[in-house]
Amino acid sequence: MKFISSRWLPITLVAVVCGVSIVAWWHHQTTDDQAVEAPVKPPRIPLSALSPAPVWSLLDIYQESISRERFQQLVEEIYVTGDGWKEWLEIQEDAAVILTGLPSPKDRYVLKFSEQAPRSAPRFWRTADELPPTTADRPLQDLHIAIDPGHIGGDWAKVEERWFIVGDGKPVMEGNMTLDVALLMKPRLEALGANVSLIREKNEPLTLLRPADLLENNVATAPNPSGMSPQKLAERLFYRTAEIHARAQKVNNEMRPDLVLCLHFNAEAWGDPNHPRLIDRTHFHILLHGAYSSDETKLLDQRHRMVQKLLSGSHDEELRVGSTLAREFARTSGLPAYQYPPLSFAVREIKGEPFLWARNLLANRLFDCPVLYIEPYVMNSTIDYARIQAGDYDGLREVSGKMQPSIFREYADGLVQGLKLHYLHARKLKTIP
Ligand SMILES: [Zn+2]
């Protein structure tokens, strides 16, 4: 009983200290998962919007599972940017000492390192070499892939600022396009043996919250560094924060896949959506998880999540799958690698992998398994805009004076081909007697 009460102490404290007011909507919800999404007030206890206080005992399963050298390497090369982490994490000879900030600012969590070979703690996802042997014609047999078509699209495309129109052209809506690609990928992956789940199947949100709910209850407590209007802030809390939390619940509690692919189309700043700026370059990159900034790890939920993600071992699998996927996608699409500006504080380069970068995005932070966040094409480039306007079609057609496949099929086929290659090489094959 003592264990249970101390485990829930942080949440209880947050509820008391912050005087959490639960939205009327939540009164109708009964699951624990929804209850822990209760809004908290960041100025008193530093937490990200809509995030519950972390439960540090969740890291107990990782005690003595990683060596000091590997832990330090992952922290310094993948998971942080800058030096701010040294204020809350001390890497000692036999343990990492982490300031948890809860229940009081001086509280600590001690993670012991292992002197033995690393071991993996219990988890629902499997690496390629943990899957059962398969045959060369079914390289994705037994693999469970979840596809997250980025954004919402449809009636929400303007609200989520993923909509623009050029003259009399068709409006460009990223959320509709990512779902189109996901629907093309599903049967292709299934034909190779995969079990495929789409995190959304319509251009509608998963979250039951709407901007009006958030306007009343959360706006006053949400971080707002750029001084957005309350309406804009409530909309962003809806389409980004609440929506991705809802997707994370579906991934972590229902789907429990081996891998998530978050599909996006990239863009560069386009200004007025009714008179967007078109540019003449296109590019491609894939994001793995990492690159927590000093400001982000001041938020206690993100500090906890960074350590938990690091210990889960998901980086190694993201790197292995991402590496083949990126090379194959670049080869089939011909897209050049995107280069973040030199001194970007929010990203880390992945050594030897020109198409891979690490970033701390909400989806790859909240999903409890390896996540690859795919960012090909530039929707407001003259090159890709013409291909988007041409729509989806079979085979090749002349677009911008060149015979090309539909941009949607090129996207779907490039990823499917990359996954096929990776799992074919990384998995054990059945020996035929
Ligand atoms: Zn996107």
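# Notebook: looking through a predicted model

**Entry 1. Confidence.** I began with the confidence values: the mean pLDDT of the protein is 90, and 90% of its residues reach 70 or more. I noted that this is a predicted model. Residues 1-43 have a pLDDT below 50. In the model this stretch still has 54 contacts beyond near neighbours in sequence.

**Entry 2. Overall make-up.** I looked up the secondary structure and found 11 helices and 14 strands. The protein has 433 residues, of which 43% count as buried. I then checked contacts between residues at least 6 apart in sequence: 76% of them join residues at least 24 apart.

**Entry 3. The cores.** Which residues have the most contacts inside the largest nonpolar core? I found Ile145, Ile147, Leu237, Val260, Leu261, Ile286 and Leu415, in a core of 101 residues. Helix 6 (residues 230-255) gives the largest share of this core, 11 residues. Another core lies apart from it and has 5 residues, among them Leu47, Ala53, Leu299 and Leu300. As a general note, nonpolar side chains tend to be buried together in soluble globular proteins.

I picked Val260 to follow up. Setting aside residues up to four places away in sequence, Val260 touches Ala146, Asp148, Val251, Phe367, Cys369 and Val371.

Entry 4. I traced an open sheet of 7 strands, in the order 7-4-8-12-9-11-10, with mixed pairing. Strand 7 (195-198) and strand 10 (347-349) are the edge strands, and each pairs on one side only. With direction ignored, neighbouring strands of this sheet are turned by 25° against each other on average.

Inside the sheet I looked at one pair. Strand 8 (residues 259-263) and strand 12 (residues 371-376) run parallel and are joined by 4 bridges. Leu261 stands opposite Leu372 in strand 12. Helix 4 (residues 174-191) packs on the sheet and touches strand 4 (144-149), strand 7 and strand 8. The direction of helix 4 makes about 165° with that of strand 4.

Entry 5. Strand 1 (residues 89-91) pairs with strand 2 in the antiparallel sense over 3 bridges. A hairpin through 3 residues joins strand 1 to strand 2. Leu89 has Ile98 in strand 2 as its bridge partner. Strand 2 also pairs with strand 3 (residues 108-112), again antiparallel, over 5 bridges. Here Leu99 has Arg108 in strand 3 as its bridge partner.

Which side chains of strand 2 (residues 95-99) are buried? Ala96 and Ile98 are, and they point to one face.

The peptide bond from Leu102 to Pro103 is cis, with omega near 0°.

**Entry 6. Helix 11.** I tested the length of helix 11 (residues 407-426). At 1.5 Å a residue, its 20 residues should span 28 Å, and the end C-alpha atoms are 29 Å apart, so the two agree. The buried residues of helix 11 include Ile407, Phe408, Tyr411, Leu415, Leu419, His422 and Tyr423. Glu410 is also one of the buried residues. What covers the buried residues of this helix includes helix 4, strand 8, helix 8 (314-333), strand 12 and helix 10 (382-390).

**Entry 7. Pro211.** Pro211 lies in helix 5 (residues 211-217). Why does Pro211 count as buried? It has 20 C-beta neighbours inside 10 Å, and a residue is buried at 20 or more. Beyond its neighbours within four places in sequence, Pro211 is in contact with Ala234, Glu235 and Phe238. Pro211 and Phe238 are 27 residues apart in sequence, yet their C-alpha atoms are 5.5 Å apart in space.

**Entry 8. Two positive phi values.** I looked up residues other than glycine with positive phi. Leu50 has a phi near 65° and sits in the loop between helix 2 (32-35) and helix 3 (68-79). Leu50 counts as buried because it has 23 C-beta neighbours inside 10 Å. Tyr377 is not a glycine either, and its phi is about 65°. Tyr377 is in the loop between strand 12 and helix 10. With 23 C-beta neighbours inside 10 Å, Tyr377 counts as buried.

Note on methods
Residues are numbered from 1 along each chain as its sequence is written. This is a predicted model: local features need pLDDT of at least 70, side-chain atom pairs count only at pLDDT 80 or more; totals for chains, interfaces and linings use all residues. A nonpolar core is a set of buried Ala, Val, Leu, Ile, Met, Phe, Trp, Tyr and Cys residues joined through C-beta atoms within 7 Å. A residue is buried if 20 or more other C-beta atoms lie within 10 Å of its own, exposed if 12 or fewer, and partly exposed in between; C-beta atoms are placed from the backbone. Two residues are in contact if their C-beta atoms, placed from the backbone, lie within 7 Å. Two strands pair if DSSP finds at least two bridges between them. Axes are lines fitted to C-alpha atoms, for helices over the stretch in contact, and angles run from 0 to 180 degrees between N-to-C directions. The expected span of a helix is 1.5 Å times one less than its number of residues. pLDDT is the predictor's confidence in each residue, from 0 to 100.
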